[in-house]
Amino acid sequence: MRPIPPFIFATVLTALRRAAPVFAAACFAGFTGQAMAQAAADPSVDLAPLTQQWLDDAVSRNQTAGLPLRMEVSVGALDSRLRLAPCAKVEPYLPVGARLWGRTRLGLRCVQGTTAWNVFLPVTVKAYGPAWVLTSNVAPGAVLTANDATESEVDWAADNTPVMANPDLWVGQVASRQLVAGQALRQNMVRAPHLFRAGAQVKVMAQGPGYAVTSAGQAMSAGGAGDSVRIRMSNGRIVGGIVGVDGTVEVAL
């Protein structure tokens with residue numbers, strides 16, 4: 001399978017961020033009359049199978065075209081000690097702060113019944129797609145090469161940190177901690193190689209409207225491309241800036 005180009009990877013992440021509110025909107029529109037009737041006729045009915053079907057339909061209806069992910073949704077069970085009163089209308093909803101991604105929960109509340117009730121079902125949303133999986137352990141600080149991982153299908157939703165599906169995002173990067181064979185490479189597992197160490201003299205470029213001034217300063221920490229660092233200037237002033245690909249620290253004035 002060919003690596004996913006960076007622009008497609010960015011599109012995938014955007015689509016995933018948008019998926020949760022779409023699914024949430026479907027919660028209010030999709031619960032069937034059959035589910036309501038069963039809940040009314042038998043208040044002790046297990047709502048998990050009904051919710052499972054509803055969620056599967058919601059995922060199927062709202063799957064983004066071209067998204068290279070295979071979605072799976074599973075629903076847990078209510079607390080067996082719960083005794084629900086008869087209800088003519090059950091309304092699902094997504095609790096504040098929750099999203100339909102990974103391990104989460106879906107709210108079910110009675111909006112038409114003699115006794116109002118509100119319960120939560122555990123939900124697991126899996127999103128299987130291509131990723132790069134380590135073939136061996138990688139020590140902290142080691143530079144990753146194309147031979148360190150092989151392409152495989154993994155559950156992107158198993159962790160909140162985005163998967164690095166394109167090898168351009170991790171080849172040449174440095175392991176930020178001990179990495180173990182079998183792990184899918186994710187953004188928080190690598191960092192850019194350090195271009196200078198703490199205490200090193202670095203080039204500082206200060207930019208303002210219509211001008212740029214270059215000087216030298218002492219790095220107060222190690223830094224790699226894209227890192228935010230602090231620099232002590234020759235006059236003792238401390239400034240903050242972003243490390244460029246050539247090691248120059250760019251300071252905006």
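Predicted model: local features only at pLDDT ≥ 70, side-chain atom pairs only at ≥ 80, totals over all residues.

**Labels and their grounds**

Trainee: What makes Glu72 and Arg70 a salt bridge?
Mentor: A side-chain nitrogen of Arg must lie within 4 Å of a carboxyl oxygen of Glu. For Arg70 and Glu72 the N to O value is 2.7 Å, so the pair meets the criterion. Arg70, with a relative accessible area of 38%, is partly exposed.

Trainee: How do you know that Glu153 also forms a salt bridge with Arg70?
Mentor: The closest N and O atoms of Glu153 and Arg70 are 2.8 Å apart, and the limit is 4 Å; the pair therefore qualifies. Glu153 lies in strand 5 (residues 149–155) and Arg70 in strand 1, so this pair ties together parts that are 83 residues apart in sequence. Glu153 has a relative accessible area of 44% and is therefore partly exposed.

Trainee: Which other pair is a salt bridge, with its closest N and O atoms 2.9 Å apart?
Mentor: That pair is Arg109 and Glu91. Arg109 in strand 3 and Glu91 in strand 2 are 18 residues apart, and the pair links distant parts of the chain. At 27% relative accessibility, Arg109 is partly exposed.

Trainee: Which residues do salt bridges with shared partners join into one network?
Mentor: Arg70, Glu72 and Glu153 are joined in this way. The count of salt bridges in the structure comes to 3.

Trainee: Why is the link between Cys87 and Cys110 called a disulfide?
Mentor: The sulfur atoms of Cys87 and Cys110 are 2.2 Å apart, and the cut-off is 2.5 Å, so the pair is assigned as a disulfide. The structure holds 1 disulfide. Cys87 lies in the loop between strand 1 and strand 2 (89–93) and Cys110 in strand 3, so the link ties together parts that are 23 residues apart in sequence.

Trainee: Is the link of Cys87 and Cys110 right-handed or left-handed, and what is the angle about the S-S bond?
Mentor: The angle is 105 degrees, and the link is right-handed. Cys87 and Cys110 are both buried, which means that each has under 20% relative accessible area.

Trainee: What makes a set of residues a nonpolar core, and which members of the largest one touch the most other members?
Mentor: Such a set consists of buried residues of listed types, joined through side-chain atoms within 4.5 Å. The largest nonpolar core has 32 residues, and Leu55, Trp101, Trp117, Val123, Ala127 and Trp156 touch the most other members. Helix 3 (48–62), strand 1 (70–75), strand 3 (102–112) and strand 4 (118–134) each supply at least two residues. Strand 4 gives the most, with 7 residues.

Trainee: Which residues does Val123 touch, beyond those up to four places away in sequence?
Mentor: Among them are Leu55, Val73, Val75, Thr104 and Leu106. A second, separate core of 12 residues includes Trp132, Leu134, Ala149 and Val190.

Trainee: How many helices and strands does the protein chain have?
Mentor: The chain has 3 helices and 14 strands. Of its 253 residues, 41% are buried.

Conventions. Residues numbered from 1 in each chain as written. Heavy atoms only, no water. Buried < 20%, exposed > 50% of the residue type's maximum accessible area, 1.4 Å probe, protein only. Helix = DSSP H or I, 4+ residues; strand = E, 2+ residues; numbered from the N terminus. Contact = heavy atoms within 4.5 Å.
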